[in-house]
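Me: Please show me this structure and its sequence. I would then like to go through it by question and answer.

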Amino acid sequence: MRRYGRGANVFFRNVQKDHPVIVRGEGIYLYDDEGNRYIDGCSGALVTNIGHGVEPVAEAIYRQAKTLAFSHLSRFASEPLMKLGEMVAGIAPPGLGRLYMVSGGSEATESAMKMARQYFLERDGTNSPKHLVISRWNSFHGNTVGSMSMSGIVPRRRPYQPYLLDFPHVNAPYCYRCPYGREPEECGVPCAYELQQAIDMAGAEYVSAFIAEPVVGAAAGALVPPAAYHRAVRDICDRHDVLYIADEVMTGFGRTGEHFAVDHWDAVPDMMTLAKGMGSGYMPLGGVLVREDIWSTFYRGTGRFVHGHTYGGNPLASAAGVAVLDYYLEHDLVQNSSQMGAMLMEKLEPLGRNPLVGDLRGIGLMIGIELVRDKGTKEPFPRSPGAVAEKATGLLMDAGVVVYPGGGTVDGEAGDHFLVGPPLTIDEAGIEELAEGIISGLNRLAEIES
Ligand SMILES: Cc1ncc(COP(=O)(O)O)c(C=O)c1O
C-alpha cells in the first residue's frame, strides 16, 4: 500500500506519520488504493452526514460549476444561496431565520463572537463594554485565535496561550466525572449555575455571549448534558442580557437524532453556528443562523456587519448545500440517525465487559467511548494526551473501522476517548459491522494493555 509522509511535498498535520492513500468513498465505506474497505465510523470528523459518493450532489456541483462557480457576496445574491438560506431556516428552531454564510466551523464561531460584540455596539452605542464570551472547559469551537480563545481544549490551547483572549471558562457537564459527585437525573445542574457565577464575577455589563456545544464533540467525546442544562443556561443568559450561542457545527443536521441538538431540550439559542453536516464534505460550508431581532438591530443600525470572508456564500458551495439538504430531508436522515443510534448503543453493550471502557455515552449517531486504566476508580491512562485513544484508533483501523480519537479530558493531559459517528445513512447491517469492528478492536487493545 502506498503511504505518504516525510517524502511528500505536503505538510501533514502530523509530519512524522505515514498516511495511507484513500481513493474512493461510497455510502458508509472508504476504499484505499489496494481496495481495502473501511467503515467510515466517524464520517471524517463527523462531517459526511449523507455518506460518500452521493450522485445528485456531485451532479448539482457540476451543473453549478458550469453555470457560475463564484460571485462575491458583497455585490451579488445567487439562487442557490437564497434557496439554502430558506432551507436552513425551514428546519431551524423557531425565530432563527437569518443565515450569515462562511466556509467552515472556525469561521462560523469566530463570526458569531464578532457578531455578538457588534450587536451590542449597534444596540447600545459605541461605548458598550460588552465583549467577553464565556465558554466551557472540555469544548472545541475551532482553531483560529478567537475560536480557540473560546475553546476549552487544553492540549490545543497550550502552544498558543500567549495569543489567546482572556475569556472566562466554566465546567461543561461531564457527568461521568461530575465534579459535584452527583447523578444526572436529579443533579440540579450546578454546572449550569457556574455560568451565573462567571457572569457575576466578570460583570454582566462586560459579557456579550455564552457559547456551548449542546453535546460536546471533539474535546471530550459526546458529553450529553442533563435534561435541565440548556434551559437553565438559556434562563441565565436572558436574565443577564447575554446572548446564547449554540455551537452546532458538529451536532447540527441530524447528527444527534434531531435536526439540531438543542431541539432535544426545547432550548432556543440566540445564534447557532453551523458547518460540517451542512456541506457534508462535498464543499466547505458553514454559517451563523441568528434570531430575527439580532438581524434587525443591524438593519436599523449601521447596516453593515464589519466582517466577511471571500468564499462566504459562494454559489458553488451553496448549490452543494442545497443538494445535500435535499438528500438529507428526502431520506429522513434525522429519523434514521435516532433509530440507528439507539441500535448502535445496544450493539455496543458488550463493551461493558471490556476492562478499558470506562464510559459509553452519546445521543443519536454521536457516540463517545472513554478509555480508562482502571474501571473501578476511573483512573485515566498516564498523561500523554490521546495516546491510548490513538493506539485504539490504529487497532480499529486494522479491524476495518475508522474512528476519531481525542485526549486531555481529565486534566488537560490525561484522559482518552474517541468519537463514533458514521454517516446518518447507515443501515442495520452497517451498524452490526461497525459494532463488531469496535468491539473486536477494543478487545485487542485490552489484551495488549493488560
Ligand atoms: C463544535 C465545533 N465547533 C467548531 C469546529 C471547527 O470547525 P472547522 O474545523 O470546520 O473550522 C469544530 C470542528 O471539529 C467543532 O466540532
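Me: About how many helical turns separate Asp235 and Arg239 in helix H8?
Reply: Asp235 and Arg239 are four residues apart in helix H8; helices (H or I, at least four residues) and strands (E, at least two) are DSSP runs, numbered from the N terminus. An α-helix has 3.6 residues a turn, so residues three or four places apart point the same way. The separation of Asp235 and Arg239 is therefore about one helical turn.

Me: What kind of model is this, and which atoms do the side-chain values use?
Reply: The model is predicted: local features need pLDDT of at least 70, side-chain atom pairs count only at pLDDT 80 or more, and totals for chains, interfaces and linings use all residues. Residues are numbered from 1 along each chain as its sequence is written; hydrogens and water are left out, and side-chain values use heavy atoms.

Me: What is the N to O distance in the salt bridge of Asp235 and Arg239?
Reply: A salt bridge here is a side-chain nitrogen of Lys or Arg within 4 Å of a carboxyl oxygen of Asp or Glu. Asp235 is partly exposed at 37% relative accessibility, and Arg239 is partly exposed at 49%; the class lies between buried (under 20% relative accessible area) and exposed (over 50%), with a 1.4 Å probe and protein chains only. The side chains of Asp235 and Arg239 meet at 3.3 Å.

Me: Which elements do the buried residues of H8 pack against?
Reply: The buried residues of H8 are Tyr229, His230, Ala232, Val233, Arg234, Ile236 and Cys237. Their packing partners are S7, helix H7 (190–202), S9 and S10.

Me: Which residue of the loop between H8 and S10 pairs with Arg123 in helix H4?
Reply: Arg123 and its partner form a salt bridge in which the closest N and O atoms are 2.6 Å apart. Arg123 lies in helix H4 (residues 105–124) and the partner in the loop between H8 and S10, so the pair ties together parts that are 118 residues apart in sequence.

Me: Which strands stand at the edges of the seven-stranded sheet?
Reply: This open sheet has mixed pairing and the order S6-S12-S11-S10-S9-S7-S8, where strands pair if DSSP finds at least two bridges between them. Each edge strand has a single partner strand, so one side of each is left without a neighbour in the sheet; the two are S6 (96–102) and S8 (169–170).

Me: Which residue in S12 stands opposite Thr273?
Reply: Strand S11 (residues 271–274) and strand S12 (residues 286–291) pair in the antiparallel sense over four bridges. Opposite Thr273 in this pairing stands Val288.

Me: What average twist from one strand to the next does the sheet S3-S4-S5 have?
Reply: The three strands form an open sheet with antiparallel pairing. S3 and strand S5 (37–39) stand at the edges, each with a single partner strand, so one side of each has no neighbour in the sheet. From one strand to the next, the twist averages 30°.

Me: Which residue in the turn between S3 and S4 has a positive phi?
Reply: Strand S3 (residues 22–26) and strand S4 (residues 29–32) pair in the antiparallel sense over four bridges, with Arg24 opposite Tyr31. The two strands form a hairpin with two residues between them, and the turn residue with a phi of about 60° is Gly27.

**Other sites**

Me: Is Ala222 buried or exposed?
Reply: Ala222 is found in the loop between S9 and H8. Its phi is near 60°, a positive value in a residue other than glycine. With a relative accessible area of 0%, Ala222 is buried.

Technical notes:
Contact = heavy atoms within 4.5 Å. Axes fitted to C-alpha atoms, helices over the stretch in contact; angles between N-to-C directions.
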